[in-house]
Amino acid sequence: MDWPFLVQVVYGQAMEEKPFHGKLVIRSSYYKCSSKHSGEPLTSSKAIEKKVVKKVGKREHHLWKKRDSAGSGQKALNLIRIISDLPNEKEAVYGALNKWIAWETEFPLIAAAKALRILRKRSQWTRVIQVAKWMLSKGQGATMGTYDTLLLAFDMDRRIDEAESLWNMILHTHTRSISKQLFSRMISLYDHHGMKDKIIEVFADMEELRIRPDEDTVRRVAYAFQELGQEEKKKLFLRKYQCKWKYIHFKGERIRVRRNTAPEDDSLTSYN
């Protein structure tokens, strides 16, 4: 007896009944019901539509407020333009700088630091001093980098008294956090102006804080001992702090060689 062929569609599901060795076998498959593709199975690779799920990144919550540095370069150039035509008078410069920040919700520290860097590259030391002092008077920029730039400007502008006042303030305020670079800057300043006794004083503070001097500072301090006639202290100093190696140029190459055992190294020359 032949079984009739019956296809029943119920909610998009087709059920096919057909005979197989006297047993009823039911096969089912799913069809996509649409006006364009009628009867197309959903298992077809062309009909499968993959949904791209965009993963949301983890949001980071910071306890501090990030300073917006957008436009800080233009602000720095604007500052330099404002003060470039002013006379070297404190009232005029400070008044112009106060107008520069009049409409700012917070102090533009990034722009002011960039302006200091530009003025330093241009060797406009008077303007560097004016801008740095103005920043410090506002309670801003009291960092080792600002102090280093200000000491360099005092050195180049031959303002030794102001440099010493700033250095004493740094010693009393930031005793345990003074960087090696700042000590080297002050020793270099005294060396440029032939103040050998002051070099020894700064080095004494440096040694008390257990800060090891760099090679240039070692040369300057050793030369200061030599100029002051303190040969024994110079020998002890070089024995303790001088590097055991030095670099020389031989046949176009830079070679590291051991220094002479004698403390009177020929590399000790004046920096004046």
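Guide: Gladly! Helices here are DSSP runs of H or I with at least four residues, strands are runs of E with at least two, and both are numbered from the N terminus. On that basis the protein chain has 10 helices and six strands. Please keep in mind that this is a predicted model.

Visitor: How much of the protein chain counts as buried, and what makes a residue buried?

Guide: Buried means a relative accessible area under 20%. Of the 272 residues in the protein chain, 32% count as buried. As for contacts with a separation of 6 or more, 50% of them join residues 24 or more positions apart.

Visitor: Why are helix 9 and helix 10 called roughly antiparallel?

Guide: The axes of helix 9 (residues 215-227) and helix 10 (residues 231-241) cross at roughly 165° and come within 8 Å. Angles over 145 degrees count as roughly antiparallel, and helix 9 and helix 10 are therefore roughly antiparallel to each other. The crossing of helix 9 with helix 10 is left-handed.

Visitor: Which residues meet where helix 9 and helix 10 touch?

Guide: From helix 9 come V218, V221, A222, F225 and Q226, and they meet E231, K233, K234, F237, L238 and Y241 of helix 10. By type, the residues of this contact between helix 9 and helix 10 are seven nonpolar, one polar and three charged.

Visitor: What do helix 3 and helix 4 bring to their contact?

Guide: L109, A112, L116, L119 and R120 in helix 3 meet W125, R127, V128, V131, A132 and M135 in helix 4. The residues of this contact of helix 3 with helix 4 divide into nine nonpolar, no polar and two charged.

Visitor: How many aromatic pairs does the structure hold, and what makes W167 and F183 an edge-to-face pair?

Guide: The structure holds seven aromatic pairs. Rings pair if their centres lie within 6.5 Å, and planes over 60 degrees apart count as edge-to-face. The ring centres of W167 and F183 are 5.3 Å apart and the planes stand at 80°, so this pair is edge-to-face. W167 is in helix 6 (residues 160-173) and F183 in helix 7 (residues 180-192), so the pair ties together parts 16 residues apart in sequence. Both W167 and F183 are buried.

Visitor: Why is the pair of F225 and F237 called tilted?

Guide: Planes under 30 degrees apart would be stacked and those over 60 edge-to-face, with the rest tilted. The planes of F225 and F237 are at 55°, with ring centres 5.9 Å apart, so the pair is tilted. Since F225 lies in helix 9 and F237 in helix 10, the pair ties together parts that are 12 residues apart in sequence. F203, F225, F237 and Y241 form one aromatic cluster.

Visitor: Are F225 and F237 buried or exposed?

Guide: The limit for buried is under 20%. F225 has a relative accessibility of 6%, so F225 counts as buried. F237 has a relative accessible area of 4% and is therefore buried.

Visitor: Where is I187, and what does I187 touch?

Guide: I187 sits in helix 7. With 0% relative accessibility, I187 counts as buried. Leaving aside residues up to four places away in sequence, I187 touches I199, V202, F203, M206, T217, R220 and V221. The C-alpha atoms of I187 and F203 are 7.7 Å apart, while these residues are 16 residues apart along the chain.

Visitor: What makes the phi of S123 and of R158 worth a look?

Guide: Most residues other than glycine have a negative phi. S123 is not a glycine, yet S123 has a positive phi of about 60°. R158, also a residue other than glycine, has a positive phi near 60°. S123 is in the loop between helix 3 and helix 4, and R158 is in the loop between helix 5 (144-156) and helix 6.

Conventions. Residues numbered from 1 in each chain as written. Predicted model: local features only at pLDDT ≥ 70, side-chain atom pairs only at ≥ 80, totals over all residues. Heavy atoms only, no water. Axes fitted to C-alpha atoms, helices over the stretch in contact; angles between N-to-C directions. Parallel < 35°, antiparallel > 145°, perpendicular 65-115°, else oblique. Left-handed = near helix turned anticlockwise from the far one by under 90°. Contact = heavy atoms within 4.5 Å. Nonpolar A, V, L, I, M, F, W, Y, C, P; charged D, E, K, R; others polar. Phe/Tyr/Trp six-rings, centres within 6.5 Å; stacked < 30°, edge-to-face > 60°. Buried < 20%, exposed > 50% of the residue type's maximum accessible area, 1.4 Å probe, protein only.
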